[in-house]
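Q: I have a chain open here and want to talk it through. Can you start me off with the ground rules on naming elements?

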Amino acid sequence: MKVNLENVNLIGGKRVEGKWVFGGVERETGKCFMKVVDDRTTDSLLSVINEYILPGSIIISDCWKSYDCLSNEGFVHLKVNHSVNFKDPDTGAHTNTIEGKWGAVKRGIPAGKAKTQLDYYLAEYVWRKKNKHMCPKFMAFIDSIIRI
């Protein structure tokens with residue numbers, strides 16, 4: 001499923017219980033994806049980027065070296081050097097949007113579950129964000145299923 005995200009913040013270096021989580025979020029709509037990856041190499045990250053983001057999208061990231069190829073792959077790539085600042089003074093680029101999403105995801109993962117069920121919690125978070133407009137009774141039903 002490709003999503004034409006126009007202004008995407010990427011996250012590629014979040015380690016959870018020995019696993020790496022990679023994802024992105026569109027600032028204007030909140031559409032997002034999150035996926036467990038084996039490593040943070042260019043090939044691994046580019047594979048996920050090409051799965052979820054259409055060429056021509058603006059991608060904002062930190063300065064992780066695996067992102068250096070993005071401009072050559074048909075994306076507009078803005079970088080934020082977090083060792084200098086958290087918002088690029090020239091472009092206004094920042095990664096606060098994805099960092100906020102990542103914080104919300106982490107708060108929703110019970111202690112001890114990240115090691116064995118991280119994929120499920122990431123999928124649940126993305127599903128809930130995509131379907132937040134659904135009937136409250138249906139969402140309560142889904143919560144009941146999860147608890148059981």
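A: Helices (H or I, at least four residues) and strands (E, at least two) are DSSP runs, numbered from the N terminus. One more caution: this is a predicted model.

Q: Fine. Where does Thr-95 sit, then?
A: Thr-95 is in the loop between strand 5 (76-79) and helix 2 (96-107).

Q: Is Thr-95 buried or exposed?
A: Buried. Its relative accessible area is 3%, and the cut-off for buried is under 20%.

Q: What does the Thr-95 side chain pair with?
A: The side chain of His-82. The two make a polar contact of 3.1 Å.

Q: And how far is Thr-95 from Arg-27 in space?
A: 9.9 Å, C-alpha to C-alpha. Along the sequence they are 68 residues apart.

Q: Let's zoom out. How many helices and strands are there?
A: The chain has 4 helices and 5 strands.

Q: In what order do the elements run?
A: Starting from the N terminus, β-β-β-α-β-β-α-α-α.

Q: How much of the chain is buried?
A: The chain has 148 residues, and 38% of them are buried.

Q: What share of the contacts join residues at least 24 apart?
A: 44%, counting contacts between residues at least 6 apart in sequence.

Q: On to the core. Which residues of the largest nonpolar core touch the most other members?
A: Phe-22, Ile-49, Ile-53 and Leu-70. This core has 15 residues.

Q: Which elements each supply at least two residues of this core?
A: Strand 2 (19-26), strand 3 (32-37) and helix 1 (42-52). Helix 1 gives the largest share, 5 residues.

Q: What about a second core?
A: There is a separate one, with 14 residues. Val-21, Val-25, Trp-102 and Val-126 are among them.

Q: Why would nonpolar side chains gather like that?
A: In soluble globular proteins, nonpolar side chains tend to be buried together.

Q: Stay with Val-25. Where is it?
A: Val-25 is in strand 2. It is buried, at 0% relative accessible area.

Q: How far apart are Val-25 and Trp-102?
A: Their C-alpha atoms are separated by 9.9 Å. Along the chain, the gap is 77 residues.

Q: Back to helix 1. Which residues are buried there?
A: Leu-45, Leu-46, Val-48, Ile-49 and Tyr-52. Looking down the axis of helix 1, the buried residues fall within an arc of 160°, so they line one face of the helix.

Q: What follows helix 1?
A: A loop between helix 1 and strand 4, which holds Ser-57. Ser-57 counts as buried, with 2% relative accessibility.

Q: What does the side chain of Ser-57 reach?
A: The backbone oxygen of Leu-54, at 2.8 Å.

Q: There's another serine, Ser-61. Which element is it in?
A: Strand 4, residues 58-61. Ser-61 is buried as well, with a relative accessible area of 0%.

Q: Which side chain does Ser-61 contact?
A: That of His-77. The side chains of Ser-61 and His-77 make a polar contact at 2.7 Å.

Q: Switching to cysteines. How many disulfides?
A: The count comes to 0. A pair of cysteine sulfur atoms would have to be within 2.5 Å.

Q: Is Cys-32 buried or exposed?
A: Cys-32 is buried, at 14% relative accessible area. Cys-69 is buried too, at 17%.

Q: Which residues does Tyr-121 touch?
A: Leaving out residues up to four places away in sequence, Tyr-121 touches Gly-108, Ile-109, Pro-110 and Lys-113.

Q: Last one, Ala-104. Where is it found?
A: In helix 2. Ala-104 is partly exposed, with 25% relative accessible area.

Q: And how far is Ala-104 from Tyr-125?
A: The C-alpha atoms of Ala-104 and Tyr-125 are separated by 8.7 Å. The two are 21 residues apart along the chain.

Notes:
Residues are numbered from 1 along each chain as its sequence is written. This is a predicted model: local features need pLDDT of at least 70, side-chain atom pairs count only at pLDDT 80 or more; totals for chains, interfaces and linings use all residues. Side-chain values use heavy atoms; hydrogens and water are left out. Buried means under 20% relative accessible area, exposed over 50%, partly exposed in between (1.4 Å probe, protein chains only). Contact means heavy atoms within 4.5 Å. A nonpolar core is a set of buried Ala, Val, Leu, Ile, Met, Phe, Trp, Tyr and Cys residues joined through side-chain atoms within 4.5 Å. A polar contact is a pair of N or O atoms within 3.5 Å; within protein, one must be able to donate a hydrogen and the other to accept it, and residues adjacent in sequence count only if both atoms are side-chain atoms. The arc is that of the directions from the helix axis to the C-beta atoms.
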